[in-house]
Amino acid sequence: MREKPASPHLFVALAAVLAVLAPARGWPGDAVSDGYLFNDSHFHLTNYVQQGTDIHRYLEIMGDKVGRSTLFGIPLQQTWSYENSGEYAPTYYLQSDAPLYYYSFTDAYIANAYLKLGPDERRRLDPMITGFNPADMYAADHIRRVLETYPGVFTGIGEFTIHKEFVSSKVAGEIASLQNPALDRILDFASEAGLVVILHSDVDMPFAKTGATPVFLQQMRDLLRRHPKTTIIWAHIGLGRVVHPVQGQASGSATERSPRYREIVEAMLDDPALSHVYFDISWDEVAKYTVSSPEAIGNTAAILNRYPDRFLFGTDNVAPADQATQLRVYNLWDPIWALLTPEASRKIRLGNYERLFDAARAKVRTWESVNVK
Ligand SMILES: [Zn+2]
């Protein structure tokens, strides 16, 4: 498709540049995802007690279905309190009253797993830093230290959590807040280093009253507006297990993705001050709302078709044992996939991941080349 032949010297120079770049970040366009079902923008290799899927096994599970994937653990470790649950060893936050605490070693664990892989395997994965306490003014220093200790590994930070139904109140120490300057320091550093951010923060309290404005919406919008240079993916569109989309009218089932919540999200998507904000549609708990009725399916498909550049599919799977588990959340979305334009479908399943994570990879490698000695 070239319009005119370029000089051979240019090709030699270009090849030299690419040869330098290739080992670190892959050939441009090498991770062509066509033929794969999706790239996984939200994936936990390990669970709440730091156990999980072997990294080589995860690549087998991805197989020829999942092109690329984020890679993170869970920063919160569930304490096994003998006083609370005796011989019963909890592996999930709902299985114990004992506190969760920040387990920073998760970042070393993820980095070491990634570094066991060959270059072709690494190119398919984007490890993320999660092992910091977002209520700690030193959190940004932890993130910097991880980049310094494992240069060439990480693409972003998250999923980390500010508000989450029964999780936030179980975390030992100060409760995280969207208004805490410690979080601003984290997002400022993410911008400086080029790290893409996956942020979980429920838009509302659990079991909120129908029709009420989501309690954390304004704080979230303010936070996002304070960080226009940081690429931020708001996980699960702010929804959760018991944090349902708010209703516009008194009628309609509580599990319906209502026009009201759609209006809130559309207003954010239309806001030029929030053009750096994206949404992931991960977690089966989110799919349960979006496919709950023909109306919810239609509403969801309409918004995805209208803003195809702003949504990313992810599974939010935690340590899956097999490929069927890994694909289950994707298949829950089948009624919506069927209603998307080919362009919107491709972007949400594959293209937006490539665009955002490739840009972040390149920026972080550049930051490292300048700042890591
Ligand atoms: Zn998650």
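User: In this predicted model, which side chain is joined to that of Gln 326 by a polar contact of 2.8 Å?

Analyst: The model is a predicted one, and in it a polar contact of 2.8 Å links the side chain of Gln 326 to that of an acidic residue, Asp 40. That residue is found in strand β1, which covers residues 38–40. A polar atom of its side chain also lies 3.0 Å from the backbone nitrogen of His 42. The partner of Gln 326 is therefore, with a polar contact being a pair of N or O atoms within 3.5 Å, the side chain of Asp 40.

User: How far from Asp 40 is the nearest side chain of opposite charge?

Analyst: Asp 40 is buried and yet has no salt bridge. A salt bridge needs a side-chain nitrogen of Lys or Arg within 4 Å of a carboxyl oxygen of Asp or Glu, and the nearest side chain of opposite charge, that of Arg 124, is at a distance of 11 Å.

User: How many salt bridges does the structure hold, and which residues are linked with Arg 68 in a network of them?

Analyst: Side chains of opposite charge can pair when their charged atoms come close. The structure holds 19 salt bridges, and one of them is formed by the side chains of Arg 68 and Asp 126, at 3.4 Å from N to O. This pair links distant parts of the chain, with Arg 68 in strand β3 (residues 66–71) and Asp 126 in strand β6 (residues 125–129), 58 residues apart. For the count the answer is 19, and for the network the residues linked with Arg 68 are Asp 126, Asp 358 and Arg 361.

User: Are Arg 68 and Asp 126 buried or exposed?

Analyst: The cut-off for a buried residue is a relative accessible area under 20%. Arg 68 has a relative accessible area of 2%, and for Asp 126 the value is 0%. Because these values fall under that cut-off, Arg 68 counts as buried, and Asp 126 likewise counts as buried.

User: Which helices are tied together by the salt bridge between Arg 144 and Glu 192?

Analyst: The side chains of Arg 144 and Glu 192 meet in a salt bridge of 3.6 Å, N to O. Since Arg 144 lies within residues 139–149 and Glu 192 within residues 181–193, the pair ties together parts that are 48 residues apart in sequence. Arg 144 is partly exposed, with a relative accessible area of 29%, and Glu 192 is partly exposed as well, at 46%. The helices in question are α6 and α7.

User: In the salt bridge between Arg 306 and Glu 266, which residue counts as buried?

Analyst: The closest N and O atoms of Arg 306 and Glu 266 are 3.3 Å apart, and because Arg 306 lies in helix α11 (residues 294–306) and Glu 266 in helix α9 (residues 259–270), the pair ties together parts that are 40 residues apart in sequence. Arg 306, at 49% relative accessibility, counts as partly exposed. At 11% relative accessibility, the residue that counts as buried is Glu 266.

User: What is the volume of the largest pocket, and which residues are the closest to its centre?

Analyst: The largest pocket has a volume of about 450 Å³. Of the 26 residues that line this pocket, five are named as the closest to its centre: His 44, Tyr 92, Trp 283, Asp 316 and Val 318. The elements β7 (156–161), α10 (284–290), β12 (317–318) and α12 (323–332) each supply at least two residues of the lining. By class the lining divides into 10 nonpolar, nine polar and seven charged residues, while the values asked for are about 450 Å³ and, for the centre, His 44, Tyr 92, Trp 283, Asp 316 and Val 318.

User: Which residue is the charged one in the lining of the largest cavity?

Analyst: The largest cavity holds about 60 Å³ of space, and its lining divides into seven nonpolar, two polar and one charged residue. The lining residues are Leu 76, Tyr 102, Thr 161, Ile 162, Val 167, Ser 168, Val 171, Glu 174, Ile 175 and Ala 176.

Note on methods: Residues numbered from 1 in each chain as written. Predicted model: local features only at pLDDT ≥ 70, side-chain atom pairs only at ≥ 80, totals over all residues. Heavy atoms only, no water. 1 Å grid on protein atoms, 1.4 Å probe; cavity = no way out; pocket = protein on both sides within 12 Å on 5 of 7 lines; lining within 4 Å. Points joined across faces, edges and corners; volume = space filled by probe spheres on them. Nonpolar A, V, L, I, M, F, W, Y, C, P; charged D, E, K, R; others polar. Helix = DSSP H or I, 4+ residues; strand = E, 2+ residues; numbered from the N terminus. Buried < 20%, exposed > 50% of the residue type's maximum accessible area, 1.4 Å probe, protein only. Lys, Arg positive; Asp, Glu negative; His and termini not counted. Polar contact = N/O pair within 3.5 Å; in protein donor to acceptor, adjacent residues only side chain to side chain.
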